[in-house]
Amino acid sequence: MKKTLIAAALFTAFASVGAQACEKPQNRPAIPDPTTAVTAQMVKSNNEVKAYVRATEDYLSCAKLSSNQLRSAENELKDFAEQFNKTIREFKQLNS
């Protein structure tokens, strides 16, 4: 009986972790204005963007999306990352 309860508790714990891991990230980080941003803002934004991209990639790998939905979400994420990279390049050019 004790083994059954432990097994049930472990299953519940892992099931809830799995469900949480496949949640779509809700808060897309804001991209700062490269003409007014300071280095600390850009570093913070860089860390937030990396975490968001990682979380979104994790979500897309476990979400049950159609191929069209998956392709669309991947393109949207790629566009967001490219926009941020463009902002970083502009910031570096303005501050070098």
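A residue counts as buried under 20% relative accessible area, as exposed over 50%, and as partly exposed in between. Arg 28, with a relative accessible area of 38%, is therefore partly exposed. The model described here is a predicted one.

## Overall makeup

The protein chain has three helices and zero strands. Read from the N terminus, its elements follow the order α-α-α. Of its 96 residues, 21% count as buried. Among contacts in the chain with a separation of 6 or more, 75% are between residues 24 or more positions apart.

## Salt bridges

The count of salt bridges is two. One of them joins the side chains of Arg 28 and Glu 76, at 3.1 Å from N to O. Arg 28 belongs to the loop between helix 1 (2-21) and helix 2 (39-62), while Glu 76 belongs to helix 3 (residues 67-94), so this pair ties together parts that are 48 residues apart in sequence. Glu 76 has a relative accessible area of 44% and is partly exposed, and Arg 28 is partly exposed at 38%.

Glu 48 and Lys 44 form a salt bridge too, with their closest N and O atoms 3.0 Å apart. Both of these residues are in helix 2, four residues apart, which is about one turn of the helix. Glu 48 is partly exposed, at 33% relative accessibility. Lys 44 has a relative accessible area of 51%, and because exposed means over 50%, Lys 44 is exposed.

## The aromatic pair

There is one aromatic pair in the structure. Its members are Tyr 52 and Phe 80, whose ring centres are 5.5 Å apart and whose planes stand at 75°, so the pair is edge-to-face. The cut-off behind this is that planes over 60 degrees apart count as edge-to-face. Tyr 52 is in helix 2 and Phe 80 in helix 3, so the pair ties together parts that are 28 residues apart in sequence. Both Tyr 52 and Phe 80 are buried.

## The largest pocket

The volume of the largest pocket is about 190 Å³. Its lining is made up of Lys 24, Pro 25, Arg 28, Tyr 52, Thr 56, Tyr 59, Leu 60, Leu 65, Gln 69, Ala 73, Glu 76 and Leu 77. Helix 2 and helix 3 are the elements that give two or more residues to this lining. By type, the lining residues are seven nonpolar, two polar and three charged.

Some residues already described return here. Arg 28 and Glu 76 line the pocket, and their side chains meet in a salt bridge. Tyr 52 is in the lining as well, and its ring pairs with that of Phe 80.

Other lining residues can be described through their surroundings. Thr 56 is located in helix 2 and is buried, with a relative accessible area of 9%. Apart from neighbours within four places in sequence, Thr 56 is in contact with Pro 25 and Leu 77. Pro 25 and Leu 77 also line the pocket.

Tyr 59 is another residue of helix 2, and it is buried, with a relative accessible area of 15%. With neighbours within four places in sequence left aside, Tyr 59 is in contact with Cys 22, Glu 23, Lys 24, Pro 25 and Leu 65. Lys 24 and Tyr 59 are 5.7 Å apart by the C-alpha atoms and 35 residues apart in sequence. Lys 24 itself is found in the loop between helix 1 and helix 2 and is exposed, with a relative accessible area of 51%.

## A buried serine

Ser 45 is also part of helix 2. At 4% relative accessibility, Ser 45 counts as buried. Leaving out neighbours within four places in sequence, the contacts of Ser 45 are with Ala 30, Ile 31, Pro 32 and Phe 84.

## Accessibility of selected residues

The table gathers relative accessible areas given above.

| Residue | Relative accessible area | Class |
|---|---|---|
| Ser 45 | 4% | buried |
| Thr 56 | 9% | buried |
| Tyr 59 | 15% | buried |
| Glu 48 | 33% | partly exposed |
| Arg 28 | 38% | partly exposed |
| Glu 76 | 44% | partly exposed |
| Lys 24 | 51% | exposed |
| Lys 44 | 51% | exposed |

Conventions. Residues numbered from 1 in each chain as written. Predicted model: local features only at pLDDT ≥ 70, side-chain atom pairs only at ≥ 80, totals over all residues. Heavy atoms only, no water. Salt bridge = Lys/Arg side-chain N within 4 Å of Asp/Glu carboxyl O. Buried < 20%, exposed > 50% of the residue type's maximum accessible area, 1.4 Å probe, protein only. Phe/Tyr/Trp six-rings, centres within 6.5 Å; stacked < 30°, edge-to-face > 60°. 1 Å grid on protein atoms, 1.4 Å probe; cavity = no way out; pocket = protein on both sides within 12 Å on 5 of 7 lines; lining within 4 Å. Points joined across faces, edges and corners; volume = space filled by probe spheres on them. Nonpolar A, V, L, I, M, F, W, Y, C, P; charged D, E, K, R; others polar. Contact = heavy atoms within 4.5 Å.
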